[in-house]
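Opening the notebook on a two-chain model today. I want to go through one chain as a whole, then the interface, then a few single residues.

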Amino acid sequence: MRLAWKEILRRRGRFLSVGITLLLINVLVLFLVSQLAGLDSGQTGAIRALDADLLTFDAGVDQSLFRSSVPVAAVQRARSVSGVSDAGAVGVLFGTGRTQVEVVPDDLFDMSVFGYEPGSPGEPANLVAGRLPRADESGVGAIDARARTDGVALGDVVYFAESDRPIEIVGFVEDSSFQLQPTLWVGLDTWEELLVAVRPERVSDDQRANLLAIDVESGADPDAVAQALDSGLTHTESVTTADAIAALPGFSEQRRTFLTIVGMTYLATAIVITLFFALITLEKSEQIGILKAIGARTRDLTASVLAQSLLLAIPAFLGAAALTLLVGAALPPELPFTVDTQAWLTVGLLTATVSVIGALLSFRRISRIDPANAIGGAGD
Amino acid sequence: MTEQVVVTRDVSKVYGSGHAATTALREASIHLHEGEFMALLGPSGSGKTTLLSIVGALLTPTSGEVTVAGEDVTRLTARARSGFRARRIGFVFQHFNLVPFLTAAENMLVAAQFASVPRHEAQARVARLLDELGLAGVRNQVPSRLSGGERQRVAIGRALMNDPDVILVDEPTANLDTKLGTAVVELLAHEIRSRHKAGIMVTHDVRMVDFTDRTVEILDGTVRC
């Protein structure tokens, strides 16, 4: 370890160059995973904020929030299904929001409206300011905290799409955006008023919402409850919230794309580290032979190379983390960027693992260096 | 009578096999006592380096017996040979072969590290050796900042670091001018005798024989005393 550290200190130039390369690769990877986390969070916040164990959709619509249509009356039937502790209807609308009754193009911002039954599953979690709409009031809503960047404040009034129905903002809900746009949370009655105003073609004789949010009894198996729900209800498909998120259009493809880039970047990291240690091992062959001659074991020398790989990888990761945090803080709020601690720790662990594996590949070369070559030449 | 530290009996070494087999050493027998400094002379390819490597537990003979400091080195495993070399053998190489990024003191300390000598004890030994070898003023200099003579003295210090029984010296004057070469061999001879070590020096330079107690010549793998 001392030998490894001294070599890094006294041969700063070469180790610094590979250290900086590792640092920049780590910045790239951390930035990518943070963007992915930001995108994931921005796309799925509203679904996660429903705080439900299961979501029940209309069957045959591939769990599309848009196309799904379930009768609100199904809520009562769902509540009677074994394993269900509570259920609530959720209505969804997509469109634009504005803060003035007149439609001024510069004032418009994309927004979704989620209607829920106050006090039932589907009510958003993560209230960070103000309050949520109560069951006995209409024309009020809580909005995703992201809307603050669009200039929305508590007490403001927003309008949805072409409707001139004012909705007073009484609270802010964190991490509840949908498709990277803020979500307005209103009572189901207010949501129906908006539906009639902006999507009259979707209004039917029976009261309908888009999906049901289901809470499962403690200890019950969600998959079994989902099956029971679909047996007890008519023409429905119940899935876990995680499955519903995975079914969001483009969500899985986006993840695969990002993770492929991250994987390729790690491949590049492994090649950089392997080549670096292969080169310095080759360059130090004579020195390694001498050290073996005076008593160093292959194990000591390999441990030294491993220590060097970690002494490069760990500071490179920590430096990259600091740099990425700085870059993230400087980004405009509309760019998705979320620090996912678990993902960052995984990146750190992967960097260390890839570095150790890269360094370990020089073990074979080290083990094959014959200490007898330290003296004269064979056959002399 | 002093103790025999190095004994080889009928040691042979053959490289390769079949038609490609080359005999580097034929039934070589030598012995060396404590405090004795022996020169191993011979032309290139004569087998003197092979004999030095076998005594130093760097090579295993094809046949014969080799006892160094009471230990049959031919029976040691590869791992045990590393430990044996670290503790019982001191090497002085032809090209100094110091670790370029370590200081004079650290180059000596590294040998103690491989012999698992406790750090505080190793540091005390380094300080003593640096003083004795006249290197105290350059203890924190890396090899590139040392003169040829200083480098070779650091190499001698490294060889003496673990108080070995045997010092093996490979062409110590090859990279030094005559004056410096003579001084280095004189120093080696002094250290070997005063510390009661057994020393073997491979050399082409017959002038250095004057500093040794005995000369063994090798020709075509055969020892001629």
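Predicted model: local features only at pLDDT ≥ 70, side-chain atom pairs only at ≥ 80, totals over all residues.

What percentage of the 225 residues in chain B is buried? I got 56%.

**Entry 1: chain B overall**

I counted six helices and 10 strands in chain B. I then looked up the extents, and the C-alpha trace spans about 55 × 40 × 40 Å along its principal axes. The radius of gyration of chain B is 17 Å, which agrees with the value near 17 Å for a compact globule of 225 residues. I also checked sequence separation: of the chain B contacts with a separation of 6 or more, 73% are between residues 24 or more positions apart.

**Entry 2: where A meets B**

On to the interface. I find 28 residues of chain A in contact with 34 residues of chain B. The area buried between the two chains is about 2800 Å², and carbon and sulfur atoms account for 61% of it.

How many salt bridges does the rule find across this interface? Two. I noted one of them, Arg10(A) with Glu106(B), where the closest N and O atoms are 2.6 Å apart. For polar contacts between chain A and chain B, my count is six residue pairs, both residues at pLDDT 80 or more.

Next I asked which elements of chain A give two or more residues to the side that touches chain B. They are helix H1 (2–10), helix H8 (285–293) and helix H9 (298–330). H8(A) gives the most, with six residues. Sorted by class, this side of chain A has 11 nonpolar, five polar and 12 charged residues.

**Entry 3: helix H1 of chain A**

I went back to H1(A) to see what is buried there. The list includes Leu3(A), Ala4(A), Lys6(A), Glu7(A) and Ile8(A). What do the buried residues of H1(A) pack against? In chain A, the partners are helix H2 (12–49), H8 and H9, and in chain B, helix H3 (104–114).

Thr56(A) sits in strand E1, residues 54–58. Buried or exposed? Thr56(A) is buried, as its relative accessible area is 0%. Its side chain makes a polar contact with the side chain of Ser238(A) at 2.8 Å. Gly91(A) counts as buried because its relative accessibility is 0%. Gly91(A) touches residues including Phe114(A), Leu188(A), Trp191(A) and Asn210(A), not counting those up to four places away in sequence.

**Entry 4: positive phi**

Gln63(A) has a positive phi of about 55° and is not a glycine. Gln63(A) lies in the loop between E1 and strand E2 (70–71) of chain A, and counts as buried at 13% relative accessibility.

Glu171(B) has a positive phi of about 45°, again without being a glycine. Where is Glu171(B)? In the loop between strand E7 (166–170) and helix H6 (178–194) of chain B. At 9% relative accessibility, Glu171(B) counts as buried, since the cut-off is under 20%.

Key. Residues numbered from 1 in each chain as written. Chains lettered and ligands numbered in written order. Heavy atoms only, no water. Contact = heavy atoms within 4.5 Å. Buried area = accessible area lost by both parts, 1.4 Å probe. Salt bridge = Lys/Arg side-chain N within 4 Å of Asp/Glu carboxyl O. Polar contact = N/O pair within 3.5 Å; in protein donor to acceptor, adjacent residues only side chain to side chain. Helix = DSSP H or I, 4+ residues; strand = E, 2+ residues; numbered from the N terminus. Nonpolar A, V, L, I, M, F, W, Y, C, P; charged D, E, K, R; others polar. Rg over C-alpha atoms; globule rule 2.2 N^0.38 Å. Buried < 20%, exposed > 50% of the residue type's maximum accessible area, 1.4 Å probe, protein only.
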